[in-house]
Each structure stands twice: as structure tokens, then as C-alpha cells.
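Here is a short report on one helix and the helices packed against it. Have the structure open as you read.

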Number of protein chains: 2
Amino acid sequence: EKAISLTKSIREEAITSLFSETLPRSLAIADLGCSCGPNTLSVVSEIVIVVEKLCQQLNCSSPEYKIFLNDLSGNDFNSVFKSLDSFKVKLLDEIIKSEMGPCYFFGVPGSFYGRIFPNRSLDFVHSSYSLHWLSKVPEGLDNKGNIYISNTSPSNVSKAYYKQFQRDLSIFLKCRAEELVEGGRMVLTILGRRNDDPCDTEYCCDDWELLATALNDLVLQVEK
Amino acid sequence: EKAISLTKSIREEAITSLFSETLPRSLAIADLGCSCGPNTLSVVSEIVIVVEKLCQQLNCSSPEYKIFLNDLSGNDFNSVFKSLDSFKVKLLDEIIKSEMGPCYFFGVPGSFYGRIFPNRSLDFVHSSYSLHWLSKVPEGLDNKGNIYISNTSPSNVSKAYYKQFQRDLSIFLKCRAEELVEGGRMVLTILGRRNDDPCDTEYCCDDWELLATALNDLVLQVEK
């Protein structure tokens with residue numbers, strides 16, 4: 001939630017320049033890694049409100065919105081879909097005009113490390129806190145019982161994870177390049193560190209160590 | 001399943017004429033009221049196979065497929081989405097060529113008695129055994145404790161249901177008219193009777209009477 005509010009102005013700028021340049025009659029927006037909590041629709045709501053305000057300022061008619069909500073097929077799309085009706089009511093309340101452009105919602109199951117949308121079908125792509133999930137654990141690696149990069153991991157482990165990240169991000173960008181229209185915009189928020197140490201607990205490794213210890217304990221109990 | 005196999009040739013004819021006329025590079029197919037059982041994807045699979053065979057015969061390249069699966073937001077889309085990976089593998093097995101056009105899947109939650117797709121966005125619309133579900137029970141009706149048209153229902157009840165059906169179907173057709181592209185096709189399969197008696201048990205009322213009796217028994221127990 002903090003990340004979403006910190007990056008708000010970046011999204012606003014992106015969608016404002018996109019919309020003002022072309023005044024499109026239809027706007028296809030994708031949220032990649034949408035998950036299923038209260039944050040799922042907050043970015044969508046924010047974008048629609050920005051565009052509706054722009055329409056009032058520029059005195060042009062509202063576009064139709066095509067909202068694509070993507071996550072892995074194991075995501076709880078059922079609860080996302082069930083929340084859509086109340087979301088639409090709430091959204092209309094926040095928009096000053098009595099009406100807005102029609103909103104069409106689509107659930108898109110699948111990994112964004114592959115093509116999930118038709119060619120040139122998206123105007124705006126958003127992804128927050130999803131791209132740090134790799135497509136898979138790097139192959140052929142002996143990580144000494146760790147589930148992530150740990151202080152006790154051999155030195156080649158962090159290199160292997162880094163290479164996997166490079167491969168994944170490169171595939172992500174290639175796929176989106178096919179799916180975005182010319183002049184489309186993309187805003188990606190991703191976890192990072194301020195230093196080179198992949199185990200620096202200030203940034204993100206704390207939870208993994210705890211989880212790994214718990215999982216290893218469970219494994220040991222089964223082995224007994 | 002019987003209805004789907006009986007209507008196969010009608011769909012084949014529709015999709016063949018649609019595809020042959022325009023040789024589209026992209027084909028948007030919607031299944032309205034897709035539900036979530038084993039039948040959900042069988043029509044999609046059948047249509048893709050017909051088109052891929054046509055491409056081989058006509059020696060043209062495969063289109064990209066946009067498959068829209070619609071049902072009410074209470075439908076179990078999670079299980080539909082989870083079945084997509086194995087569906088794609090199975091589909092490729094049935095297609096004689098080693099490859100086919102890319103398939104993009106979208107879940108579309110919402111009632112088809114309203115707009116659920118953007119303007120002119122669909123090439124082919126299919127709906128099987130869904131349009132007999134009305135959008136609501138007709139208003140202001142005293143149906144003497146029945147949940148459907150029964151032998152003991154007052155005579156105005158079947159008229160009210162009939163009018164509701166007319167209103168609903170008219171809305172359905174108006175919405176689809178906006179959503180289909182020019183020259184698009186629609187194949188609808190709907191339950192019917194061979195006579196005028198809405199209570200004729202040969203066609204569809206049997207289950208409702210049983211269910212109504214069971215529900216009324218439960219209500220009586222609560223009232224005690």
C-alpha cells in the first residue's frame with residue numbers, strides 16, 4: 001500500500017501524457033500480478049479517476065475502459081470478480097460527474113513471463129511488487145537446504161539468482177513490447193536494495209530466513 | 001453435452017463461413033454462460049480445431065484466438081482458469097499441425113443481460129443452455145409459494161414469466177448487437193417445449209416441482 005501511494009504521481013504523469021496526446025476512445029489497462037486483496041483495484045480506480053478528470057478539463061467525452069487483471073491461475077480470481085460490483089459503485093461515488101465511461105473487466109490467468117495478451121492490445125501496463133518473483137528457482141543449484149539467498153548459501157547461488165532475474169526481466173520486456181500499442185506506457189514498481197549484499201536484512205531477507213528455518217524443521221521431523 | 005454435440009454442425013457452418021469470408025488475423029470468441037464443468041472448454045476447442053483445419057485447407061496462417069469465458073461473478077472461475085494449461089496441451093494434441101495460432105484466455109464476470117464487452121469487439125458469440133435463465137423473477141407476482149410455473153400457479157404467472165423472457169432476450173440481443181463486429185456470428189442454444197403448456201413435465205418442469213416441495217418443507221419446519 002505504501003509503495004502504491006509513493007508511486008502515485010508517476011502513474012498520474014504517465015496516464016496524463018498518454019491520454020492527452022491521443023485522446024483515445026478506448027483505453028486498455030493491465031495490472032500484472034494483481035493479487036486479490038484490497039489493493040487489487042486501487043490502482044485501477046486511481047487511473048480511471050485521473051482520466052475522468054482529464055476528460056472534464058479537456059471537455060472531451062470519456063473513453064471506454066478495458067481493465068485486464070492478471071495473475072497466476074492459482075490466484076483467487078473468484079473473490080476479485082465478486083468485489084467488482086461494489087467497486088464500480090464506489091468508483092462512481094468518487095467521480096464528480098454523474099457518469100463515467102463504461103468499464104469492462106477481464107481476468108487474465110497466466111505468468112507474465114510469457115505472452116498473455118494479443119499483439120498491440122494494451123495502452124497502459126502497471127505492475128507493483130510482482131516482478132521480484134522469479135519464474136523459477138535457478139536450475140542445477142546446490143543451495144545447502146536454503147530456500148533463498150542466505151548467509152550460508154554458496155557464492156554461486158546469488159549469481160545464479162541474479163542471472164535468472166536478468167533472463168526473466170528480459171522475457172518480460174520482450175513480451176510486453178509485443179503487447180503494448182505504439183506510444184503506450186508502462187509503470188513497474190519493484191523491490192530493490194541500496195547495497196550489493198543480497199542478504200542485507202534491512203531490505204528483504206528477514207522473512208525468508210524465518211520461513212526457511214520453519215520449513216527445515218518440518219522436513220527434519222518427517223525424516224525422523 | 002447432448003445439446004453441444006447436436007448443435008456442432010451449426011457452429012461449424014457459422015465459424016467456417018465467418019472465417020472463409022474475411023480470413024481474419026485475430027478471432028475473438030465469447031462463450032456466454034460458460035459455467036465451470038467439463039463442457040466449459042469443449043466448444044472453444046471444437047471451434048479452434050475447425051479454424052485450424054480451414055487454415056490448412058486454405059493454406060493461410062493461423063489467426064490469434066481471443067477466448068472470452070463469461071458467466072455470473074459467482075461462477076467458479078478459479079477452477080476454469082486452473083484447467084487452462086492442461087486444456088491447451090490437449091488441444092495441441094488434437095490439432096494435426098505441430099503448431100496453432102496463439103490462444104489468449106479472458107474471464108469475463110457479469111450478467112449477459114447487460115453490456116459486458118466493448119463496442120464491436122467480438123467475432124463469434126456462443127451460448128448453450130444459458131438463456132433460459134431469466135435476469136430475475138418477474139416483479140409483483142403472487143405465485144402461491146411456488147418457485148416456478150407450477151400446475152397450481154395462477155394463470156397470470158406464466159404470462160409474467162413469458163414477458164420477462166421477452167424483455168430479457170430483447171436486452172440480450174441489443175447488447176450483443178453493440179458488441180459483435182459487422183458480419184460476426186452468433187449461435188444460441190436454448191431449451192424449448194413442443195407445446196403451449198408451461199407445466200408439461202416432458203420438457204423441463206419436473207426438477208423444479210421436486211425442489212419447490214423440498215424448499216417449502218424446509219420453510220414450514222422453520223415456521224414451526
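The expected span of a helix is 1.5 Å times one less than its number of residues. The model here is predicted. Helix α3 of chain A covers residues 42–58.

How many residues of α3(A) are buried? The count is 12 of 17, so the rest of the structure largely encloses this helix. Among the buried residues are A:Val43, A:Val44, A:Ile47, A:Val48 and A:Leu54. A:Glu46 and A:Glu52 are buried as well.

| Helix pair | Angle | Axis distance |
|---|---|---|
| α2(A) (residues 8–22) and α3(A) | about 45° | 10 Å |
| α3(A) and α5(A) (residues 84–94) | roughly 35° | within 10 Å |

Take α2(A) and α3(A), whose axes meet at an angle of about 45°. That angle makes α2(A) oblique to α3(A). The crossing is right-handed. On the α2(A) side, the contact includes A:Arg11, A:Ile15 and A:Phe19. On the α3(A) side, it includes A:Val43, A:Ile47, A:Val50 and A:Leu58. By class, this contact has 9 nonpolar, 2 polar and 4 charged residues.

Now take α3(A) and α5(A). This crossing is also right-handed. A:Val44, A:Ser45, A:Val48 and A:Ile49 of α3(A) touch A:Phe87, A:Leu91 and A:Glu94 of α5(A). These residues divide into 5 nonpolar, 1 polar and 1 charged.

Notes:
Residues numbered from 1 in each chain as written. Chains lettered and ligands numbered in written order. Predicted model: local features only at pLDDT ≥ 70, side-chain atom pairs only at ≥ 80, totals over all residues. Heavy atoms only, no water. Helix = DSSP H or I, 4+ residues; strand = E, 2+ residues; numbered from the N terminus. Buried < 20%, exposed > 50% of the residue type's maximum accessible area, 1.4 Å probe, protein only. Axes fitted to C-alpha atoms, helices over the stretch in contact; angles between N-to-C directions. Parallel < 35°, antiparallel > 145°, perpendicular 65-115°, else oblique. Left-handed = near helix turned anticlockwise from the far one by under 90°. Contact = heavy atoms within 4.5 Å. Nonpolar A, V, L, I, M, F, W, Y, C, P; charged D, E, K, R; others polar.
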